[in-house]
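Visitor: I have the model open on my side, and I'd like to go through it with you piece by piece. Could you start with the helices?

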Amino acid sequence: MSQVTFYLMSEQDDTQASAVERLACTLAAESWGAGHIYLFCNDEAQALRLDELLWQLPPERFVPHQLQGESGQAPVEIGYQPPKRRYARLINLATATPLFAGHFAQVVDFVPTDETQKQQARERYKHYRQAGHALEMREQPVLAAPDPAQP
């Protein structure tokens with residue numbers, strides 16, 4: 001079974017991207033070298049937003065990635081359909097529990113601050129537990145503030 005890590009979010013969303021999306025990009029940037037990652041989104045709009053967020057990371061934090069369906073074998077793929085190939089880690093941004101979560105050694109999920117989204121996270125937690133996955137909770141790590149000197 002998979003190891004599922006839930007991050008308890010404390011940061012509020014801003015107008016450009018959700019705190020969960022920013023943390024998902026940070027986690028992808030920190031761990032893509034340890035194995036391929038699939039970022040699972042709710043829809044195409046969210047997938048495109050994550051693609052753009054990854055391109056906005058500083059050059060020293062470059063994440064080789066692609067949208068699902070693009071040619072190539074980038075170590076990070078972003079999609080809203082079940083993946084077509086194997087990955088070491090799933091970062092789930094979808095509101096529903098991915099039925100394919102058991103195909104991954106590690107799953108990352110989030111508990112946002114919004115009450116509706118928090119309830120959806122509780123449902124995902126229950127599904128993961130019923131499927132026999134190992135579960136752990138972590139506090140949201142402190143993300144570095146953007147450098148105002150950067151364009």
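**Helices, cores and cysteines**

Visitor: How far apart are the end C-alpha atoms of H1?

Guide: They are 18 Å apart, which agrees with the 18 Å that its 13 residues should span at 1.5 Å a residue, the expected span being 1.5 Å times one less than the number of residues. Helices here are DSSP runs of H or I with at least four residues, strands are runs of E with at least two, and both are numbered from the N terminus. This is a predicted model, in which local features need pLDDT of at least 70 and side-chain atom pairs count only at pLDDT 80 or more, while totals for chains, interfaces and linings use all residues. Residues are numbered from 1 along each chain as its sequence is written, and side-chain values use heavy atoms, with hydrogens and water left out.

Visitor: How many residues of H1 are buried?

Guide: H1 is mostly covered, with 12 of its 13 residues buried, where buried means under 20% relative accessible area, exposed means over 50% and partly exposed lies in between, using a 1.4 Å probe and protein chains only. Among the buried residues are Glu 21, Arg 22, Cys 25 and Leu 27, and what covers the buried set includes E1, E2, H2, E5 and E6, contact being heavy atoms within 4.5 Å.

Visitor: Which elements give residues to the largest nonpolar core, then?

Guide: That core has 25 residues, and those with the most contacts inside it are Leu 39, Ile 78, Ile 91 and Phe 110; a nonpolar core is a set of buried Ala, Val, Leu, Ile, Met, Phe, Trp, Tyr and Cys residues joined through side-chain atoms within 4.5 Å. The elements giving two or more residues to this core are helix H1 (19–31), strand E2 (37–40), helix H2 (44–55), strand E4 (76–79) and strand E6 (106–111). H1 gives the most, with eight residues. Another core, of 14 residues, lies apart from this one and includes Val 4, Phe 40, Tyr 87 and Ala 94.

Visitor: Back to Ile 78: what does it touch?

Guide: Leaving out residues up to four places away in sequence, Ile 78 touches a list that includes Leu 39, Cys 41, Ala 47, Leu 50, Leu 54 and Leu 67. Ala 47, Leu 50 and Leu 54 are also among the buried residues of H2. Seen down the axis of H2, its buried residues fall within an arc of 165 degrees, so they line one face of the helix; the arc is that of the directions from the helix axis to the C-beta atoms.

Visitor: And what caps the N-terminal end of H2?

Guide: Asp 43 caps that end, with a side-chain oxygen 3.3 Å from the backbone nitrogen of Ala 45. A polar contact is a pair of N or O atoms within 3.5 Å, where within protein one must be able to donate a hydrogen and the other to accept it, and residues adjacent in sequence count only if both atoms are side-chain atoms. At H3 the cap is Asp 114, whose side-chain oxygen lies 3.1 Å from the backbone nitrogen of Thr 116.

Visitor: Which residues of H3 are buried?

Guide: The buried ones are Ala 121, Arg 124 and Tyr 128. They cover an arc of only 60 degrees around the axis, which puts them on the same side of H3, and they pack against strand E1 (3–8), strand E5 (89–92), E6 and strand E7 (134–139). The face turned away from that buried side carries the exposed residues Glu 115, Thr 116 and Gln 130. Just after H3, Gly 132 takes a positive phi of about 90 degrees.

Visitor: Changing topic, how many disulfides are there?

Guide: Taking a disulfide as a pair of cysteine sulfur atoms within 2.5 Å, the count comes to zero. Cys 25 is in no disulfide, and the nearest cysteine sulfur, that of Cys 41, is 8.9 Å away. Cys 25 is buried at a relative accessible area of 3%, and Cys 41 counts as buried at 1%.

Visitor: Last one: where does Gln 140 lie?

Guide: Gln 140 lies in the segment after E7 and, at 10% relative accessibility, counts as buried. A polar atom of its side chain lies 2.7 Å from the backbone nitrogen of Ser 10, and the residues that Gln 140 touches include Tyr 7, Met 9 and Leu 23.
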